[in-house]
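Keep your viewer open and follow the stops below.

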Amino acid sequence: MSSKLIVIIGATGNQGGSVANVFLQEPGWKVRALTRDSSSTKGKALADRGAEVVEVNMDTPSTLSSAFEGASAIFAVSDFWGLYGDPSNQEKPKPGQSLNAWAGEHETQQLKNVIDAAAKVTTLERFVLSSLSNASKWSKGKCTHVYHFDSKAKAEEYGKQTYPALWAKTSVYQAGLFLSNFKVGGMSPPVKNANGVVQFIGHLDKDVKFPYLAVEEDTGPLVKALIYEPAGKNLIAYREWLTPREIATAFTKATGMDAEVVTLPKGSFPSSLPPSLKISLEDNVAYWNEFGYEGREDSTVVHPCNLSSPPSLDSVEAYLKKYDWTKVFESGEAL
């Protein structure tokens with residue numbers, strides 16, 4: 001029996017790398033790993049493990065068309081923050097346009113390029129798009145600056161309206177909050193105060209539940225489930241659905257250290273941030289707190305437990321237990 005081919009965009013990143021890890025071990029499948037730089041350390045490692053590593057540029061549709069040839073399944077992920085943080089993009093916004101608004105527009109166009117190319121693949125059986133909820137829509141116009149959510153949702157809507165035949169083969173994967181953000185280099189590492197209490201400091205409501213995901217461990221098993229399941233799923237991906245207060249409790253159980261949540265007041269993002277980014281971040285947390293990370297009113301959303309064959313994922317406590325937290329407290333990187 002001939003093997004099926006899965007093509008993975010962003011195979012050297014967090015989400016795509018996790019999908020590649022799973023399918024390199026899955027009988028009956030070949031992996032074509034797409035990356036911007038096949039000579040990178042991660043690209044070479046994938047090739048050494050048996051993946052076909054191919055360079056693509058999401059801004060160049062012809063590279064996508066050739067890379068998708070013969071695919072049975074495609075996993076597509078984009079990188080808003082990579083676009084935002086790339087120094088070569090700093091001067092690309094139009095006059096009067098903020099960099100994050102430009103990055104959102106550009107990410108949408110990149111995903112449209114992917115969708116256009118995927119729609120032409122005659123061998124395709126399943127398309128899995130990494131997307132996020134539409135903050136402008138589900139907040140009823142209250143939170144309109146959450147560009148890294150809306151940019152993906154706009155591309156998703158484009159695919160749904162433009163290619164009904166492709167969408168009949170499509171499921172959507174919404175990655176939850178990355179637990180790796182608590183580690184060194186993450187966006188919200190905890191700090192230890194003068195009394196030795198570990199503090200999770202942030203803007204999330206401490207009693208609202210959010211989806212927490214070990215992206216590097218959980219994405220592959222969840223995407224595999226979506227590929228084997230019937231299409232049409234809109235999955236909010238997580239290993240546990242917890243409040244920030246419950247995260248602190250899990251941390252204490254995992255490490256034995258006392259922990260607490262400190263919720264910062266509205267409008268307390270640093271004034272040193274670019275004004276447009278500050279507005280985006282304020283809208284972002286306001287949306288999550290009031291309307292839900294996944295858009296609570298979106299009736300199409302399904303949870304991992306709703307899948308026919310949900311993967312067995314580890315606990316948040318187990319994830320926290322594996323890490324050497326002294327690295328975080330010594331780094332002084334808390335934002």
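The tour covers salt bridges, then a pocket.

This is a predicted model: local features need pLDDT of at least 70, side-chain atom pairs count only at pLDDT 80 or more, and totals for chains, interfaces and linings use all residues. Numbering runs from 1 along each chain as its sequence is written, and side-chain values use heavy atoms, without hydrogens or water.

**Salt bridges**

The whole structure holds 15 salt bridges (a side-chain nitrogen of Lys or Arg within 4 Å of a carboxyl oxygen of Asp or Glu).

Select Lys 224 and Glu 26. Their side chains form a salt bridge, 3.0 Å from N to O. Lys 224 sits in helix α9 (residues 215-228) and Glu 26 in the loop between α1 (14-23) and β2 (29-35), so the pair ties together parts 198 residues apart in sequence. Helices (H or I, at least four residues) and strands (E, at least two) are DSSP runs, numbered from the N terminus. Glu 26 is buried at 16% relative accessible area; Lys 224 is partly exposed at 25%. Buried means under 20%, exposed over 50%, partly exposed in between (1.4 Å probe, protein chains only).

Next, select Glu 107 and Lys 152. The closest N and O atoms are 2.9 Å apart. Helix α5 (residues 99-118) carries Glu 107 and helix α7 carries Lys 152, so this pair links parts 45 residues apart in sequence. Both residues are buried.

Now select Glu 217, Asp 218, Arg 239 and Lys 322. Salt bridges with shared partners join them into one network.

**Second largest pocket**

Select Glu 156, Lys 160, Asn 234, Asp 298 and Thr 300. Of the 19 lining residues, these lie nearest the centre of the second largest pocket.

Terms used:
On a 1 Å grid over the protein atoms alone, a cavity is a set of points where a 1.4 Å probe fits but cannot get out, and a pocket is an open set with protein on both sides within 12 Å along at least five of seven lines; lining residues have an atom within 4 Å of a point.
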